[in-house]
Amino acid sequence: MKDFIRSLPKAELHIHIEGSMEPEMMFALALRNGLRLPYGSVEEVRGAYEFNDLQSFLDLYYEGARVLVQEADFFDLTAAYLKRAHSDGVCHAEIFFDPQTHTARGVPFEVVISGIHGAQRAAARELGISSKLIMCFLRDLSTESAMETLRQAIPYKEWIIAIGLDSAEVGHPPEQFKAVFEAARKEGFLSVAHAGEEGPPEYIRQALDLLHVSRIDHGVRCLEDPELVERLKAERIPLTVCPLSNVKLRVFNTLPEHNLKRLLDAGLCVTVNSDDPAYFGGYVAENFRAVSEALHLTDEEIRRLADNSFEASFLTEKEAKGSRQ
Ligand code: ADE
Ligand code: ZN
């Protein structure tokens with residue numbers, strides 16, 4: 001099973017680079033930057049990763065991101081993720097980053113993006129893995145802060161394929177970011193948004209109607225709204241589903257209760273992704289393996305999930321074909 005999944009060419013479309021920081025790297029970067037961590041050991045960090053909901057995770061995730069200071073830190077983080085993803089059979093990754101998490105601490109935008117971009121280029125050259133970058137706005141911060149972040153991104157437009165929307169969902173509906181997404185669209189950015197992870201199906205509708213996103217991140221709550229499911233199917237809007245994340249953050253109590261198979265059976269373009277693999281106990285192949293076992297997916301269904309990842313990506317058909325070879 002593991003070998004079958006690894007050998008399937010896959011694209012990963014929902015991975016927060018800050019969420020790929022393993023505790024070992026957290027300690028190494030804290031040391032490099034002369035920072036103290038509130039943990040005594042790598043084991044203690046891993047032991048702290050018990051979450052009740054999205055917010056309880058985000059509190060630790062933002063705390064952990066404080067060790068990212070220099071360009072080399074962002075380079076090393078991204079290089080480690082791409083190497084790990086490559087070993088899982090990922091040919092192409094579309095990577096989220098959260099600039100506000102860093103610029104709010106005084107780390108310049110340029111430092112963040114230069115480190116990430118440098119590692120993307122090195123991995124393409126050395127491993128043959130392609131990748132694109134998606135800049136996320138933190139929805140629990142102001143729209144003014146998002147606009148300012150968009151302004152900072154303009155000189156790096158060529159390095160960023162799309163914008164996204166993440167962080168605490170409930171109480172921060174997509175409609176609040178309509179103007180920011182409109183301004184980004186005028187600059188040529190594509191867009192995606194987290195919606196329907198903890199938030200209601202209405203947030204998915206808003207992301208489609210008001211933000212004009214190309215795909216929905218998570219989206220699992222769409223099944224509560226049959227008309228919305230019909231629309232997602234008819235318009236072939238992809239969902240970037242993250243099974244292990246959903247169990248860790250208690251969107252579903254257990255993996256056998258996950259609705260991924262029902263989403264597939266409804267004819268939706270479902271993909272499997274790791275979200276924040278260092279925090280949720282598995283990279284993309286482990287997400288495929290665990291969900292396939294828990295939901296008794298057939299080989300044909302597993303293949304369909306992998307195929308969907310290329311269809312849902314921002315690669316052209318020709319690029320996707322080249323990427324899978
Ligand atoms: N930031 C990192 N992971 C996230 C998730 N699963 N949902 C919202 N924001 C996030
Ligand atoms: Zn996410």
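User: In this predicted model, which helix gives the largest share of the shell around ligand 1?

Analyst: In the predicted model, the shell around ligand 1 draws four residues, its largest share, from one helix that spans residues 54-64. The residues surrounding ligand 1 include Leu-54, Phe-57, Leu-58 and Tyr-61. The helix asked for is H4.

User: How do the residues of that shell divide into nonpolar, polar and charged?

Analyst: Beside the residues already named, ligand 1 is surrounded by others, among them His-16, Ser-167, His-194 and His-218, as well as Asp-166, Glu-197, Asp-275 and Asp-276. Sorted by residue class, the shell around ligand 1 comes to four nonpolar, four polar and four charged.

User: What distance separates a polar side-chain atom of Asp-275 from a nitrogen atom of ligand 1?

Analyst: A polar contact is counted here for N or O atoms within 3.5 Å. In the side chain of His-16 an N or O atom is 3.3 Å from a nitrogen atom of ligand 1, and for the side chain of His-218 the corresponding value is 3.4 Å. For Asp-275, the distance from a polar side-chain atom to a nitrogen atom of ligand 1 is 2.7 Å.

User: How much of the accessible area of ligand 1 does the protein cover?

Analyst: Taken on its own, ligand 1 has 260 Å² of accessible area. Ligand 1 sits in the largest cavity, and the part of its area that the protein covers is 100%.

User: Which element contributes the largest share of the lining of the second largest cavity?

Analyst: The second largest cavity, with a volume of about 40 Å³, is lined by residues including Met-26, Leu-37, Pro-38, Tyr-39, Tyr-49 and Tyr-279. Also in that lining are Leu-60, Glu-63 and Gly-64, and the whole lining divides into seven nonpolar, one polar and one charged residue. Three residues make up the largest share from any one element, and that element is H4.

Terms used: Residues are numbered from 1 along each chain as its sequence is written. Chains are lettered from A and ligands numbered from 1 in the order in which they are written. This is a predicted model: local features need pLDDT of at least 70, side-chain atom pairs count only at pLDDT 80 or more; totals for chains, interfaces and linings use all residues. Side-chain values use heavy atoms; hydrogens and water are left out. A residue is near a molecule or strand if one of its heavy atoms lies within 4 Å of it. A polar contact is a pair of N or O atoms within 3.5 Å; within protein, one must be able to donate a hydrogen and the other to accept it, and residues adjacent in sequence count only if both atoms are side-chain atoms. Accessible areas come from the Shrake-Rupley method with a 1.4 Å probe; for residues, only the protein chains shown count as cover. On a 1 Å grid over the protein atoms alone, a cavity is a set of points where a 1.4 Å probe fits but cannot get out, and a pocket is an open set with protein on both sides within 12 Å along at least five of seven lines; lining residues have an atom within 4 Å of a point. A molecule sits in a cavity or pocket if more than half of its atoms lie within 2 Å of its grid points. Helices (H or I, at least four residues) and strands (E, at least two) are DSSP runs, numbered from the N terminus. Ala, Val, Leu, Ile, Met, Phe, Trp, Tyr, Cys and Pro count as nonpolar, Asp, Glu, Lys and Arg as charged, and the others, Gly among them, as polar. Grid points are joined across faces, edges and corners, and a volume is the space filled by probe spheres set on the points.
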